[in-house]
Amino acid sequence: GGWVLLQNCHLGLDFMDELLETILTAEIQNDTFRVWITTEQHPKFPITLLQIAIKFTNEPPQGIRAGLKRTFSGISQDLLNVSNLPMWKPLLYTVAFLHSTVQERRKFGPLGWNIPYEFNSADFTASVQFIQNHLKRIDIKKGISWNTVRYMIGEVQYGGRVTDDYDKRLLNCFARVWFNESMFDSAFCFYTGYKIPVCKTLEQYFDYIQLLPAMDSPEVFGLHPNADITYQRNTSADVLDTITNIQPKESGGGSGETRESVVYRSAEDMLEKLPPDYVKARLVKMGALNSMNIFLRQEIDRMQKVITVVRTSLNDLKLAIEGTIVMSEASKNLRDALDNMYDARIPQVWRRVSWDSSTLGFWFTELLDRNAQLFTWIFQGRPKVFWITGFFNPQGFLTAMKQEATRAHKDWALDKVAIHNDVLKLTREEITSSPSEGVYIYGLYLEGAGWDKRRSILVESTPKILFVQLPVLHMFAVDSS
């Protein structure tokens, strides 16, 4: 009648098959017997075991209010009364607020943290223990050593998990703004409406926390209001992807157009628009040893591979739909192409040799645009302004430009040459000639900031505008020796 607890079962998948067989075949005498297993998500976890189990997931709390509730549910009244100093309770609440903030910022992706760190209750407990010990040792006349507190929280307790320099700077900024003498001022607040309550019991803290807003503005976490649009959009995209993935893949018996006919028509349309193969002889005439032409040849090689893969898979898919060749379960690429093209997604075999995009339509349009830039470069000469995001290797393009500048100046050494840029006030259509040195590029966007064209400086984002296109940039090389 007891319980068996098996933890971290994703680390012992071989045993899961044995466990399933044992559960199905063993004669269990007592109805109250249970097997409780814990596991992380794993693509190879036995699906049969999941199907016969009752699933339970422990999701992290959403929002500051829920986060503070969970944090204070692990605090006892004894811990609240552990120190008689007036600084203790405000410091405890501030650490709890910081704990909720660093966890909640994860939902904003790279806007919140460059790397999604696994902050947990151990970080909070260690920080509280440090502050408790620090208050025991301080001289009342000298007061709290804020540099010590900020260093321990921003560099050791929470900062010990942080590996990215910008993330470390952000965490230290939170520590600097929130942990100082002003936090004991009655006017202090983390953000409008988020103050440090003056409470004596846990019940009073819970009553105050319950009055906090259920939905938090991104500004509470130090983010622009646009960050919430990005989060909501990503969440919606995940939900829609999940719904699409669980749709039946086989055609129904209805009178509408079948999946195969839809994909067949789409494949024919793509094959009509697909560019022809490249002829390498033209590159030889342009000067094969020129650094820019070497880069162009590498780009064309990769584009040719994409065109070949797309043409081959589309032709095979048409033959399979017609019944000329068999689309068996073994031909995963064809099955994957059929499913993804019907859902307006990029087939995996195409994605592996190309670039990422939101939908198949955008991807194919980009294929035509990328090809057009390379085709124009070959047959009509070097472009006056380059679409840099249309290259497979943008960094290689800038390196080729740097090599070209180094060869033009006989006294320059390549390892001493650095790349500089000027943001112009011109758009791509206003460019009429190439620069005397370097290249003009376009196609770059700003996320999380705006651009003042008149003053050529970064500004705060405009509400509800997530991305801002930069004007043309003049990239050039300078001798830094």
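The model is predicted, so local features need pLDDT of at least 70 and side-chain atom pairs count only at pLDDT 80 or more, while totals for chains, interfaces and linings use all residues. Residues are numbered from 1 along each chain as its sequence is written, and side-chain values use heavy atoms, with hydrogens and water left out.

**The pocket.** Select R233, D356, S357, S358, F362, E366, W387, T389, Y445 and F467, which line the second largest pocket. A pocket here is an open set of points on a 1 Å grid over the protein atoms alone, where a 1.4 Å probe fits, with protein on both sides within 12 Å along at least five of seven lines; lining residues have an atom within 4 Å of a point. About 590 Å³ of space lies in this pocket, the volume being the space filled by probe spheres set on the points, which are joined across faces, edges and corners. The lining has four nonpolar, three polar and three charged residues. In this classing, Ala, Val, Leu, Ile, Met, Phe, Trp, Tyr, Cys and Pro are nonpolar, Asp, Glu, Lys and Arg are charged, and the others, Gly among them, are polar.

**L374.** Next, select helix α16 (residues 360-380), where L374 sits. Helices (H or I, at least four residues) and strands (E, at least two) are DSSP runs, numbered from the N terminus. L374 is buried at 2% relative accessibility; buried means under 20% relative accessible area, exposed over 50%, and partly exposed in between (1.4 Å probe, protein chains only). Leaving out residues up to four places away in sequence, L374 touches Y278, L296, E299, I300, M303 and F391, contact meaning heavy atoms within 4.5 Å. L374 and E299 are 75 residues apart in sequence, yet 8.0 Å apart in space, C-alpha to C-alpha.

**Two loop residues.** Select A344 in the loop between α14 (332-342) and α15 (348-353). A344 is not a glycine but has a positive phi of about 60 degrees, and is partly exposed at 37% relative accessibility. Then go to N8, in the loop between β1 (3-6) and α1 (13-25). N8, also not a glycine, has a positive phi of about 55 degrees and is partly exposed, with a relative accessible area of 43%.

**Domains 1 and 2.** Finish with domain 1 (3-52) and domain 2 (64-226), bounds that come from an automatic or database domain assignment. Their centres, taken over C-alpha atoms, are 39 Å apart.
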